[in-house]
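Me: I would like to go through the aromatic rings in this model. Could you take me through them once it is on display?

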Amino acid sequence: MTKIIGLTGGIGSGKTMVAKYIESLGIPVYIADDEAKTIMETDEVYEAVKKELGTEVFDNQKLNRKKLAQLVFTNSEKRDKLNKIVHPLVKKHFDLWVKMNENAQFVVKEAAILFESGSYKYCDAIITVTSPLETRIQRVMHRDKSDRASVLKRIESQWTDEQRIAKSDFVIHNISVDATYKQIEQILNLLKNK
């Protein structure tokens, strides 16, 4: 039976880089955020979002991601409502994806909120990616063209590294690319031999 390896880390920690490297080694990787974005564009989700969060997050019948992000990162009640809409649909999609990859020894599910969403319960092992806070802030500011205050708000809305590490089987300290790749390879070797 295919094992599910959870891959998580705070925003800007480098988990996507880790996921891409794992994928380059021939291991199937599911990027939950990317799939959630696709699922968010469905009529089913649009209707549920309008009903639960209102129409102010839409521009000309199109979901405005920036407005939605601002709304849910500053209001935990609205964030919970959005998660209740999206997470069950992502879980259903992920389960189908796992079936399609049932010949793999293991697959990796990359998710920023693996713990917060409860998805970790379905994983056989969990890897957390960490990075120094200032590095994370600079990466996200550069990547998303956002200001420091909004990046810090997003970081504060997620679990801390300490919380994630306490529930993880492996930790990757993402400080330099070469060292990170070595840590990934060591972990994958351990997982292959389990």
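Predicted model: local features only at pLDDT ≥ 70, side-chain atom pairs only at ≥ 80, totals over all residues.

Me: How many aromatic pairs does the structure hold?

Reply: There are seven aromatic pairs in the structure. In one of them, Tyr21 and Tyr181, the ring centres are 3.8 Å apart and the planes meet at 5 degrees, so this pair counts as stacked.

Me: Where do Tyr21 and Tyr181 lie?

Reply: Tyr21 belongs to helix 1 (residues 15-24) and Tyr181 to helix 9 (residues 177-192), so their pairing ties together parts 160 residues apart in sequence.

Me: And is Tyr21 buried or exposed?

Reply: Tyr21 is buried, its relative accessible area being 15%. Tyr181, with 26%, is partly exposed.

Me: What about Phe115 and Tyr120?

Reply: Their ring centres lie 5.2 Å apart with the planes at 50 degrees, so that pair is tilted. Phe115 is buried at 3% relative accessibility, whereas Tyr120 is partly exposed at 23%.

Me: Why does 23% make Tyr120 partly exposed?

Reply: Buried requires under 20% and exposed over 50%, so Tyr120, with a relative accessible area of 23%, falls in between.

Me: Which residues do ring pairs link into a cluster?

Reply: The cluster consists of Tyr30, Phe94 and Trp97, linked by ring pairs.

Me: Changing topic, which charged end sits over the ring of Phe94?

Reply: That of Lys109 does, at 4.6 Å from the ring centre.

Key:
Residues numbered from 1 in each chain as written. Heavy atoms only, no water. Phe/Tyr/Trp six-rings, centres within 6.5 Å; stacked < 30°, edge-to-face > 60°. Helix = DSSP H or I, 4+ residues; strand = E, 2+ residues; numbered from the N terminus. Buried < 20%, exposed > 50% of the residue type's maximum accessible area, 1.4 Å probe, protein only. Lys NZ or Arg CZ within 6 Å of the ring centre and 35° of its normal.
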